[in-house]
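Welcome, and please open your viewer. We will take this tour one selection at a time.

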Amino acid sequence: MDEVWPWLASLPPPGPDTPPRSSFSLAASDDDSSIVLQTDCTNTSDGSTTESVLVAFSLTVDSANGVAHALWTSETFAAASLVASRLQLLGQLLDEVIALSPSIPSLGPDASEPKLDAEIVSAVIEATGTDGSAFFSLALLLRLFWLCALEAPADFGYLFFQALGAEIERAIGSCTPALGVFLLSVGPDVEDRFMRSLGYMLAKWCLLREMQAPTPAKPGTGVHPTAYLSYATEVHGLWVLKGYAPVLAMPRVAGASSVPLTALPHELPEEPALRYGLVHQQLEVVAQLEYAVSVRDKRFISVGVRVDNIRVRVVRLGYRKNDADATEGDVGDDVMDGERHFPSRIRLWVGPRFGSSYATGPSLGRSTGNPEREVEMTRTVKGAFSAATKLASSNGGPRVKAKMRTSARTRNRSWRWEQEADGSAGVFEGVLCDPATGTEVSAWRSGGNGWAGEADPRNGMRRRYGGPGRAFSKMRGLVVASDELPEEVTWRMGREAEGRTMRWRVGLKVWVSYLPNEVRSRHFETRCVEWAHEVELPLVAANGDES
């Protein structure tokens, strides 16, 4: 697939002696079915002596019986050379895969479809320092996937993954720098739609590979690490790390059920719909760290880092009718909307580049948890004295009763956060606990394999998106802001480093769990994914901090 981009540039320039049609085979099967990319050049005249050349691209499927069917045709581009036309083609492919995003909108349908500026597409190719083959291959594969899913005969959907599965893995692994530049250029709204369109293809790819695997993956091993997409950058005093991963691509943690979700038996009527919903979900994470460089002492530079925002959300990859068009048959879809994985543990770490010695620290700003426990004791003495009557004598004389009552009061929170140090890195870690039993959800195992005395959190985690004591937002997400984690972590460096730009590392590991929310099911699991990047730290003190 990487050969398509240079092939477009190597075609002869449009002219009267140029063949009107050229083709490139993208995929072929043993029964002679194939998927082909074609270019069509047309010479037109506007009535004067000058002529213009129009170029169009098309994707065609050739069946085994020799019948060709055009699935898609691009816009017609007026091109002086095919080098410029392929950039226009790339822009149209990206526009269309963004418009086909399968995410279920939370804020209603968009008023207008976004269109990418041609300058953005050109800048992405130039910024990567490569020829753009990998990024173009990813866009072409993604558009071809949607054609096979929505318009092509069913056999071509299987041909797509069978013949181009390795190309998907290669394109994603090779275009990571270009993908990061592209996502930064288009903004968060378009980024979410593009990544959910891509995530849907990756979810189907992972599902097919899991169904075809001879043995299930071992717990704790990566299933499809290529599908973990992320990038990090420094902007406006923030380090921003964004990560995306289809849930099915994430490995199960050790000790969880090793039976693939696709192999679960149909024990209950809800199971088929539940299985479909759980494999079409994507984890989306945004971590924003605010850093500050200050020089309040002539001896050293101080670098402070605190959590600005951590936003974690598991989105459904699917389509749903608008609320105004919903019918009684859509009630089941609303029930399944709550059957999704949820974050159960988060570890965010930041620090100097591994192995460096120029920074001293970290100095943590939060102590290890020291929970308070209030104990109330009440002693009550009740006495009854009676005269020396026959009744009193028969009962043994005066009667005295004593009672003592003890009560304990503790404060429990769903999320428990702490700071730690790992080498030169500072670690922010949060764990979700069942509010009813206090059990750590990510560490719980069924069948008596959990910790001693560990209670079952399944009842406490039911209907987790409703009620006043819920641990998640109504949009099924988690937001951790500076009001929850106000303490910062600091490092000190020598004044000789002032004015330089240092490389620092930032990483994020997220565990997601599933426990039944409203449906009846015995299925549970916990999966995890990890990302790590390097970011820039300009050692320039803020105004007013210079000594």
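What percentage of the 547 residues of the protein count as buried? The figure is 47%, where buried means under 20% relative accessible area, exposed means over 50% and partly exposed lies in between, using a 1.4 Å probe and protein chains only.

A word on the source before we go on. This is a predicted model, in which local features need pLDDT of at least 70, side-chain atom pairs count only at pLDDT 80 or more, and totals for chains, interfaces and linings use all residues. Residues are numbered from 1 along each chain as its sequence is written, and side-chain values use heavy atoms, with hydrogens and water left out.

**The whole protein**

Switch to a cartoon view: the protein has 10 helices and 19 strands. Helices (H or I, at least four residues) and strands (E, at least two) are DSSP runs, numbered from the N terminus. Now show the surface. The accessible surface of the protein is about 27,500 Å², and 50% of it belongs to carbon and sulfur atoms; the areas come from the Shrake-Rupley method with a 1.4 Å probe.

**Stop one: α5 and α7**

Select residues 154–174, helix α5, and residues 188–212, helix α7. Their axes come within 11 Å and cross at roughly 115 degrees. Axes here are lines fitted to C-alpha atoms, for helices over the stretch in contact, and angles run from 0 to 180 degrees between N-to-C directions. α5 and α7 are therefore roughly perpendicular to each other. Angles under 35 degrees count as roughly parallel, over 145 as roughly antiparallel, 65 to 115 as roughly perpendicular and the rest as oblique.

Next, show side chains. The contact (heavy atoms within 4.5 Å) includes Y158, F160 and F161 of α5, along with W205, L208 and R209 of α7. The residues of this contact divide into nine nonpolar, two polar and three charged. In this grouping, Ala, Val, Leu, Ile, Met, Phe, Trp, Tyr, Cys and Pro count as nonpolar, Asp, Glu, Lys and Arg as charged, and the others, Gly among them, as polar.

**Stop two: α6**

Which residues meet here? From α6 come L179, F182, L183 and V186, and from α7 come V190, E191, F194 and M195. The residues of the contact of α6 with α7 divide into seven nonpolar, no polar and one charged.

Colour the buried residues of α6, among them A178, G180 and V186. Then click on G187, which follows α6 and has a positive phi near 95 degrees.

**Stop three: I120**

Select I120 in helix α3, residues 118–127. At 23% relative accessibility, I120 counts as partly exposed. Leaving aside residues up to four places away in sequence, I120 touches S185 and V186. I120 and S185 are 65 residues apart in sequence, and their C-alpha atoms are 6.8 Å apart in space.

**Stop four: backbone details**

Jump to H236 in the loop between β6 (229–235) and β7 (238–246). H236 is not a glycine, yet it has a positive phi of about 55 degrees. Is H236 buried or exposed? H236 is exposed, with a relative accessible area of 79%.

Finish at P362, in strand β11 (residues 359–363). The peptide bond from G361 to P362 is cis, with omega near 10 degrees.
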